[in-house]
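User: I am new to reading protein models. Please walk me through the terms as we go.

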Amino acid sequence: MIEVKNIHKSFGDAHILKGISTTFEKGKTSLVIGQSGSGKTVFLKCLLGLFEPEEGTISYDGKIYSELGSNEKRDLRSEMGMVFQGSALFDSMTILENVMFPLRMFTKQSKSEMQDRADFVLKRVNLEDAHNKMPSEASGGMQKRVAIARAIVNKPKYLFCDEPNSGLDPKTAIVIDNLIHEITEEYNMTTIINTHDMNSVMQIGEKIVFLKDGLKAWEGTKETIFKTDNEVVTDFVYSSELFKKVRQMYIEERN
Ligand SMILES: Nc1ncnc2c1ncn2[C@@H]1O[C@H](COP(=O)(O)OP(=O)(O)O)[C@@H](O)[C@H]1O
Ligand SMILES: [Mg+2]
């Protein structure tokens, strides 16, 4: 479980996160949603320990990050997996080498142990025959699978994904969402996904934190997000014409 208490993050005069508190549970897929520029990536980078908030605390299963020594911070970071926006694979490495990379960084496993583990996670994301391909030879959806395999190869307790389905067609995006959701339950990880995709919200939003202008404007679930009258949320959710129509039909049916 990750507990966030009143975190603030500024860059110079720009106050980006203005006191956010929430919790993310183990075995659940939590989504952080909001418009571009609302602070999702900055928030995720705070959770990853890449930015240290000026105020507030983040604790990971009871360990408060800012109170840890540098070795403990490193250990904690080795328990985090990350899927970056756009996959961020190493172009000059094969898919297998990409997936083995975190094991090289963080473990002292033998080459064959690393290969076995990489094989296992590549199978788990349904990539059986791609080991020796270069990332440039893989489709966008395949690259995301590789990025997910790499993120989970070192058995992380915490998985962070920044807009994992940006640039994918809607069908592939759902496959990727479902894959993240499944492995979160399977490995009992605490998973947090940044997204602005309403499809993801409807599909896998077990917990949703809505950010606006650096504040938590609302939180709930995929079941409650369509029922709230909070205007900030409805503005976002029904910004698409399709959703507006669906909502109107729902209201007419109710009356
Ligand atoms: N390293 C940085 N230095 C200064 N400003 C930043 C930095 N990173 C993000 N910001 C600013 O923080 C705000 C929130 O950005 P971001 O978290 O990337 O939004 P989102 O991911 O929701 O689109 C933006 O106004 C952005 O310009
Ligand atoms: Mg972002």
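Analyst: Start with pairing: two strands pair if DSSP finds at least two bridges between them. Helices (H or I, at least four residues) and strands (E, at least two) are DSSP runs, numbered from the N terminus. This is a predicted model, where local features need pLDDT of at least 70, side-chain atom pairs count only at pLDDT 80 or more, and totals for chains, interfaces and linings use all residues. Residues are numbered from 1 along each chain as its sequence is written, chains are lettered from A and ligands numbered from 1 in the order in which they are written, and side-chain values use heavy atoms, with hydrogens and water left out.

User: How do you know that β3 and β9 are joined?

Analyst: Strand β3 (residues 29–33) and strand β9 (residues 207–212) share 4 bridges. Pairing asks for at least two, so they pair. The two run parallel. Within them, L31 stands opposite I208 in β9.

User: What order do the strands of that sheet take, and what makes two of them edges?

Analyst: The sheet is open, with 6 strands in the order β6-β7-β8-β3-β9-β10 and mixed pairing. β6 (80–83) and β10 (215–220) each have a single partner strand, so one side of each is left without a neighbour in the sheet. From one strand to the next, the twist averages 20°.

User: What packs on this sheet?

Analyst: Helix α6 (residues 170–186) does, touching β3, β7 (158–162) and β8 (190–195). Touching here is contact, which means heavy atoms within 4.5 Å. The direction of α6 makes about 160° with that of β8. Such angles run from 0 to 180 degrees between N-to-C directions, and axes are lines fitted to C-alpha atoms, for helices over the stretch in contact.

User: Why are α5 and α6 called roughly parallel?

Analyst: The axes of helix α5 (residues 140–152) and α6 cross at roughly 15° and come within 10 Å. Angles under 35 degrees count as roughly parallel, over 145 as roughly antiparallel, 65 to 115 as roughly perpendicular and the rest as oblique. α5 and α6 are therefore roughly parallel to each other. Residues making the contact include K144 and I148 of α5, and V175 and L179 of α6. By class, the contact has 7 nonpolar, 2 polar and 2 charged residues. (Ala, Val, Leu, Ile, Met, Phe, Trp, Tyr, Cys and Pro count as nonpolar, Asp, Glu, Lys and Arg as charged, and the others, Gly among them, as polar.)

User: Why is α3 called oblique to α4?

Analyst: Helix α3 (residues 95–106) and helix α4 (residues 111–124) pack at about 120°, with their axes 9 Å apart. That angle makes α3 oblique to α4. The residues of this contact divide into 9 nonpolar, 1 polar and 4 charged.

User: Which strands form the other open sheet, and what makes β2 and β5 its edges?

Analyst: Its 4 strands follow the order β2-β1-β4-β5, with antiparallel pairing. β2 (14–24) and β5 (63–64) have a single partner strand each, so one side of each is left without a neighbour in the sheet. Inside, β1 (residues 2–11) and β4 (residues 55–60) pair over 5 bridges. V4 stands opposite I58 in β4.
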